[in-house]
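Visitor: I would like to learn how to read a few features of a protein model. Where do we begin?

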Amino acid sequence: MASGGEAPESWYLALLGFAEHFRTSSPPKIRLCVHCLQAVFQFKPPQRVEARTHLQLGSVLYHHTKNSELARNHLEKAWCISQQVPQFEDVKFEAASLLSELYCQQNLVDSAKPLLRKAIQISQQTPYWHCRLLFQLAQLHTLEKDLVSACDLLGVGAEYARVVGSEYTRALFLLSKGMLLLMERKLQEVHPLLTLCGQIVENWQGNPIQKESLRVFFLVLQVTHYLDAGQVKSVKPCLKQLQQCIQTISTLHDDEILPSNPADLFHWLPKEHMCVLVYLVTVMHSMQAGYLEKAQKYTDKALMQLEKLKMLDCSPILSSFQVILLEHIIMCRLVTGHKATALQEISQVCQLCQQSPRLFSNHAAQLHTLLGLYCISVNCMDNAEAQFTTALQLTTHQELWTFIVTNLASVYIREGNRQQELYSLLERINPDRNFPVSSHCLRAAAFYIRGLLSFFQGRYSEAKRFLRETLKMSNAEDLNRLTACSLVLLGHIFYVLGNHRESNNMVVPAMQLASKIPDMSVQLWSSALLKDLNKACGNSMEAHEAAQMHQNFSQQLLQDHIAACSLPDHNLISWTDGPPPVQIQAQNGPTTSLANLL
């Protein structure tokens, strides 16, 4: 115990020093740290010390243990006591922020919201905390899919930041609002907002890293806006600017000088996270444009960087980046004829989603869509239909919905006996009128699907009209894969009509483009057509070369098909309900038909 001459403050400092020593030990000695902090209460400390100690205990228990009830108890006391102490903002608002975070973790969102609202209301004289709490409540509304309330709060934050003279944080609020408006597809509101953000970012003279990070945020929004609209060619100048911007940031050193305005004490993302994000949007662009080897290169770089970051940082955004990267590269694998690898990566996405219910709820529709695309590639049409139907039930995202419907329509066309369902679907994605989304790429794909149906029905003039529309749109925005598919189908139509010269004029560039992508199914199709064309024209040597090419592609696809269907992960094609299966039982071998593959 303390001897009579010693003040309680020295004991408090000593106990605090011991607690911090134990907390930062390697490995941390959390039990001893907690004991030291609890000992503070034995001295009946003043309210300021009592509130701060409750906050420290709550924080340690929240971050380092699973005892969330005890953590909550201490944080509630810290919040309650600190409100009675004048000029005690840091403890008061940190307690509110941490407590609302813990409430959300315990699914007590209705307790978190009023707590944050009260903290926001009483923090107006403390710019840093007022802005931080506004961001936190906006994020909470976003997680609840209440984007209107989130946008309102971000608007309030932007105006507050303007009043307190923080153009930097005003830009952060406005860019965050722009991101949510893009998610809501409120494009008429997005354009003026992004224009204003561009002006603020360019005019702001401050910390170079903060300025460049604002520019990255702004350009990422612009690039994703273009990509959502399927404008692959139009986005190139923005994407180039973004890539230059991230290179500039990587050469800048972090300044330790704190901003003079406390409202400026925010970072959008760490430099390393921004770097992964730029890789990610580059992969998205390469995928849409049909530069699949480039997409593979950037995915490898991004995943390597992610693995390094995840060793040191458990931020949920890193897992989101990883899942989105895998989703894109899986689509690339299916196009390039690497189905077995694609299936293993789908299984990897399942494992990541098993670890995070929120990640699964955000990506379940995409996961079933990928499985549907895999099912098409191995000719399991019933399973493809089931996967796409499940995905449609799980998504409210209009672009994804349109993508799924387009692929489901292709399944019905191949099955040939689903006319009623097919026409019902096609009516909902009619590219000539009331197309559900503004995506240039998806509208071009809808014309292609119409052309494919008309071809199968023998309505060749109509098929040519639709396919020429697809070609016009895909050439305008460098959509290489759609261009290759349209050319080979047109070539097939001209071949059937006996116009061999025109057929050759289509098939040769289709083959060249498909080789460049590389798209295995279009190469297979093109080589079969070239073989028949050259045979019909009496070019026996060229026909033999094309036949050899066709044989090589057939063998590659067949081997990959057998490898994919032999994997235990192949059983995922039967999963259509609930969370991803934890263990996938191996099966005895491929059970899918190869008849229509070659």
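Guide: With a term: contact means heavy atoms within 4.5 Å. Note also that this is a predicted model.

Visitor: Which residues is proline 45 in contact with, leaving aside its neighbours within four places in sequence?

Guide: They are Val40 and Glu50. Proline 45 sits in the loop between helix 2 (30–39) and helix 3 (47–64).

Visitor: Is proline 45 buried or exposed?

Guide: Buried means under 20% relative accessible area. Proline 45 has 16%, so it counts as buried.

Visitor: How does one describe two packed helices?

Guide: By the angle between their axes and the distance between the axes. Here, the axes of helix 10 (residues 187–203) and helix 11 (residues 208–228) come within 10 Å and cross at roughly 155°. Angles over 145 degrees count as roughly antiparallel, and helix 10 and helix 11 are therefore roughly antiparallel to each other. Their crossing is left-handed.

Visitor: Which residues make the contact?

Guide: Helix 10 contributes residues including Leu187, His191 and Leu194, and helix 11 contributes residues including Lys211, Leu214 and Phe218. By class, the contact has seven nonpolar, five polar and three charged residues.

Visitor: Where do nonpolar side chains tend to be in soluble globular proteins?

Guide: They tend to be buried together. In this model the largest nonpolar core has 206 residues, and Val216, Leu242 and Tyr374 touch the most other members.

Visitor: What does tyrosine 374 touch, not counting residues up to four places away in sequence?

Guide: Tyrosine 374 touches Leu334, Lys339, Leu343, Ile346, Ala564, Cys565, His570 and Ile573.

How values were computed. Residues are numbered from 1 along each chain as its sequence is written. This is a predicted model: local features need pLDDT of at least 70, side-chain atom pairs count only at pLDDT 80 or more; totals for chains, interfaces and linings use all residues. Side-chain values use heavy atoms; hydrogens and water are left out. A nonpolar core is a set of buried Ala, Val, Leu, Ile, Met, Phe, Trp, Tyr and Cys residues joined through side-chain atoms within 4.5 Å. Buried means under 20% relative accessible area, exposed over 50%, partly exposed in between (1.4 Å probe, protein chains only). Axes are lines fitted to C-alpha atoms, for helices over the stretch in contact, and angles run from 0 to 180 degrees between N-to-C directions. Helices (H or I, at least four residues) and strands (E, at least two) are DSSP runs, numbered from the N terminus. Angles under 35 degrees count as roughly parallel, over 145 as roughly antiparallel, 65 to 115 as roughly perpendicular and the rest as oblique. A crossing is left-handed if the near helix is turned anticlockwise from the far one by less than a right angle, and right-handed if clockwise. Ala, Val, Leu, Ile, Met, Phe, Trp, Tyr, Cys and Pro count as nonpolar, Asp, Glu, Lys and Arg as charged, and the others, Gly among them, as polar.
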